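Here is a short briefing for a reader new to this structure. Please look over the sequence and the model before reading on.

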Amino acid sequence: QMCIRDRYGLVSSFRATSIFRGQNFGTPFQSIDLLYGYPFYFVPRGGFDGGLGGGDGIGGDPLALLDGLSSAFVPNEFASPRYGLAGFGNAFAGYAWSAEVYEGDAIFGLFDASGQLNDLLNGIVSPLLGFNLEFGTPGADLVRVTGSRLTSGVAETLDGFGNDLNYGIRALVSMPCQSKDGDSDDGEMLLAGTANPFGAEGAGANQRGGWSLQCLTRK
């Protein structure tokens, strides 16, 4: 059974993905920028028990808990993010699994942990509440960032292409489109391979088990 201390550890250790930009590596002119990340981190201090008291996390000092929580927020000593929060603003985007250049834009395929975290949470609270809670938008995220609008990543999908069992995008490949007459100069297409560990059994009407290959083209 997960006690308060365990939940505290789970929350304090989870991070959404950060995006960096670097150039001139290994030279005196090397520079690294944090584009999307955290201005502050939730970092437990050495010996801090959050005012939780005993090992079961019950019966601690509430004032010590508040003081401990406030002191656990520390600034990012590397840099503040230039353009936005970690995960492109999605707190559940735990990994940037893939990246590709498509039509001059940077494309990122993300793992979205909201479905798994919802399952974990509801396994604890549903027996007590009698209903399920849902946070975030389950399903993989595909985000486009243009060179002229770095501050506004555009989501191509936030729900695994309509199938929330696709919880991440493992591979991205950009390649020329091949028209019917054999002319390869017909724009580009983006292939996205999804991660989906589920079988067909137990899937709902809008849930399909097994990985899939998605093809995206400009409309």
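Predicted model: local features only at pLDDT ≥ 70, side-chain atom pairs only at ≥ 80, totals over all residues.

The chain has three helices and 12 strands. Of its 219 residues, 34% are buried.

**The chain as a whole**

- Take the contacts between residues at least 6 apart in sequence: 60% of them join residues at least 24 apart.

**Aromatic pairs**

- The chain holds 10 aromatic pairs.
- One of them joins phenylalanine 20 and phenylalanine 78. Their ring centres are 5.8 Å apart, and their planes meet at 70°. An angle over 60 degrees counts as edge-to-face, so this pair is edge-to-face.
- Phenylalanine 20 is partly exposed, at 49% relative accessible area. Phenylalanine 78 is partly exposed too, with a relative accessibility of 49%.
- Tyrosine 36 and phenylalanine 88 make another pair, with centres 4.5 Å apart. Their planes stand at 50°, so the pair is tilted.
- Tyrosine 36 belongs to strand β2 (residues 31-37), while phenylalanine 88 sits in the loop between β5 and β6 (93-102). The pair therefore ties together parts 52 residues apart in sequence.
- Both tyrosine 36 and phenylalanine 88 are buried.

**An aromatic cluster and a charge**

- Which residues form one aromatic cluster? They are Tyr95, Trp97, Phe111, Tyr167 and Phe198.
- Tryptophan 97 also has a charge over its ring. The charged end of arginine 170 sits there, 3.7 Å from the ring centre.

**Asparagine 90**

- Asparagine 90 lies in the loop between β5 and β6.
- Is asparagine 90 buried or exposed? Its relative accessible area is 17%. Buried means under 20%, so asparagine 90 is buried.
- The side chain of asparagine 90 makes a polar contact with the side chain of aspartate 112, at 2.9 Å. It makes another with the side chain of aspartate 141, at 2.7 Å.
- Beyond neighbours within four places in sequence, asparagine 90 is in contact with Ala16, Asp112 and Asp141.

Terms used. Residues numbered from 1 in each chain as written. Heavy atoms only, no water. Helix = DSSP H or I, 4+ residues; strand = E, 2+ residues; numbered from the N terminus. Buried < 20%, exposed > 50% of the residue type's maximum accessible area, 1.4 Å probe, protein only. Contact = heavy atoms within 4.5 Å. Phe/Tyr/Trp six-rings, centres within 6.5 Å; stacked < 30°, edge-to-face > 60°. Lys NZ or Arg CZ within 6 Å of the ring centre and 35° of its normal. Polar contact = N/O pair within 3.5 Å; in protein donor to acceptor, adjacent residues only side chain to side chain.
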